[in-house]
Amino acid sequence: MAVDKPAWQNALLNSIEVGIVVVDTNFQVEEFNQFMENHSGVQASDIIGKPIFPFFEEIDQAWFENKCQPVFSMNTPVFVIWEQRQYLFKFGSSRPITSSSDYMYQNITILPICANNGQVERICILVYDMTDQAMSKARVDKLNDELKVISRVDGLTGLYNRRYWQERFEREFKLTIRNNKPISVLMLDIDHFKAVNDTHGHQAGDKVIQSLAMLIRKATRETDICGRYGGEEFAILLPDTNTETAKIVAERIRKVSERYMVKHDSIEMHFTVSIGIAEFSPEYKRPLVWLEAADQALYKAKENGRNQVIFAE
Amino acid sequence: MSLPVLICDDSSFARKAMARSLPDGWDVDVAYAANGEEAIAQIKAGKGDIMFLDLNMPVMDGYQTMEAIRKQDLPSMVIVVSGDVQEEARSRMMSMGAIDFIRKPIDNAKLTSILSKYGIYDGEASAENRAKDVSITTGSSIDEKLNAFREVANVAMGQAGENLAKILNKFIDLPIPNVSIVHSNEMSMMLTNIDMRQSVSAVSEGFVSPTIKGEALILFNDANVAALQQLLGSNTKMSETSEIEALMDVSNIIIGACLNALSQQLSVTFTHNTPILLGIHCDLEEIVNNNISRWEKVLVIEIAYAVSSENISFELLLVIPDRDIDAAFSRLLMSQQAMEITISGEQGVDL
């Protein structure tokens, strides 16, 4: 049993907003403060002198004994953080009304308490309420995820924007140099797009762009990296894809575009696309050289009369 | 004739500390070597009948030196003096013919009892005069301070390695600690064990005493966390939580043991801060940029731990702000002297 303490020390121990439990080498409880009483409903007088585990079934005994082992053997503190395990003691949240978590998030510090002979004969378990930090971290993470999406995505089409597409393109370029897998890039442009805008207005033009983006998304895999590169220009990166397979994908997009009818107000519009393909080759020393090859092929497709797919040489 | 004794250690601080703890009554002629190569030459010149040999050294380490002594059948009785006190280190050296093993920092009562056990010296342990003869520091140049901290780190690293070896049940390869003063934003350049191209996870724990405040950082490449997690025998599945658990387990042991060794050598008691996750699966740059906002000079002790049998490596950085370096150094000198006084005070009771 713990030695009697002066009243003010007891008051301190019991008013602090940290859970304090002291146990001996057999995990018998020697100290159990008010914070612990209030959150667990277990009275200090009931638990003191008894092993802790039967009172708290949520504690995985083998796991906890394993955590405490270095505290006893090495005389060092051990920390368990809420990111690793939400709680040691399954307590309700300290603010039952406005907290968004039902249960308390806890940081646990397990401290060695040495006897005069230098042996660790007791350990002190400190329980810190981290619920607010955990909740605000969750909010920040969620916001960051949303921001990430916003900063990566083109508002009109929902495809990646040019900046992020290029970032991904450069990353894939570096990976490809190392792992030697086939990969192809497509540059795609809507034929006579200026005429659509001039005849039917920008909103109609936007509708065409959106439709094509939708067709591209349907024609590609989830692992393909599709971006809106400029006004009516799109770039598609096809990992694990050689020229032949890339051509199948490109032809699919070309054909469905040709057949697709865009309705804007009462106007019905058709459009076609030209596509340039370049499979990666080690002679492309920089990402932009590779992309330039696809762009040259696209240019040739336009020269040859549009609505077609051309390979880079 | 005085007995030729050789002290072989790469740290001049450690060589002096060793020389200071030789008993006053022992009639010896002390020579020094900074690595195994120098030691072998000294032994051949007849200056190393007894050798105190460190393990972790550049050029030629303790294991290689012992091997050379055995192969060439050189006349030297070797007592290993090391911060690395793993069982495997001990048995490797003993099997090659070392007569005993003594833990750094040197306790000269223990040293005397070893000497007496082998019939080398049987007198008083007191080393007060020796300590007066060999001053710990000849100046206070920054190189000398770094040298002293390297030795402190060496001892701390060894104790932490020993504890980790017990828990992982594997031999931990210990490097020579890398100690330097850099700007805080250049710290990432010191990371010899981290592959910058791969994702990284990191834990930080602050430690506070009235004179010295600092931070211990542990950094892993994520591939290593997974390997370590298996080694720790986590029976849970490979979820993110259990990766954090592996990270925390290793951090608790390494940082805890290192700080214990530091506080012992500096005679300070640290308050340990609850560790935080600096980043999980991040770019190293992201971690550095997001977390190091102050641009100041820091003392960095870099220890590149490895479990080479499992292809695992990770980094421990002990970082102390520039303004605390002098305080830490003077604590170190004070506690070195205090330790010797208590030891020579206690030996009357012990013997």
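Author: Phe55(A) touches Val42(A), Asp46(A), Ile47(A) and Lys50(A), leaving aside residues up to four places away in sequence; contact means heavy atoms within 4.5 Å. This is a predicted model, in which local features need pLDDT of at least 70 and side-chain atom pairs count only at pLDDT 80 or more, while totals for chains, interfaces and linings use all residues. Residues are numbered from 1 along each chain as its sequence is written, chains are lettered from A and ligands numbered from 1 in the order in which they are written, and side-chain values use heavy atoms, with hydrogens and water left out.

Reader: Where is Phe55(A) found?

Author: Phe55(A) lies in the loop between α3 (44–47) and α4 (61–74) of chain A. Helices (H or I, at least four residues) and strands (E, at least two) are DSSP runs, numbered from the N terminus. The C-alpha atoms of Phe55(A) and Val42(A), 13 residues apart along the chain, are separated by 7.9 Å.

Reader: Why does Phe55(A) count as partly exposed?

Author: Buried means under 20% relative accessible area, exposed over 50%, and partly exposed in between (1.4 Å probe, protein chains only). Phe55(A) counts as partly exposed because its relative accessibility is 28%.
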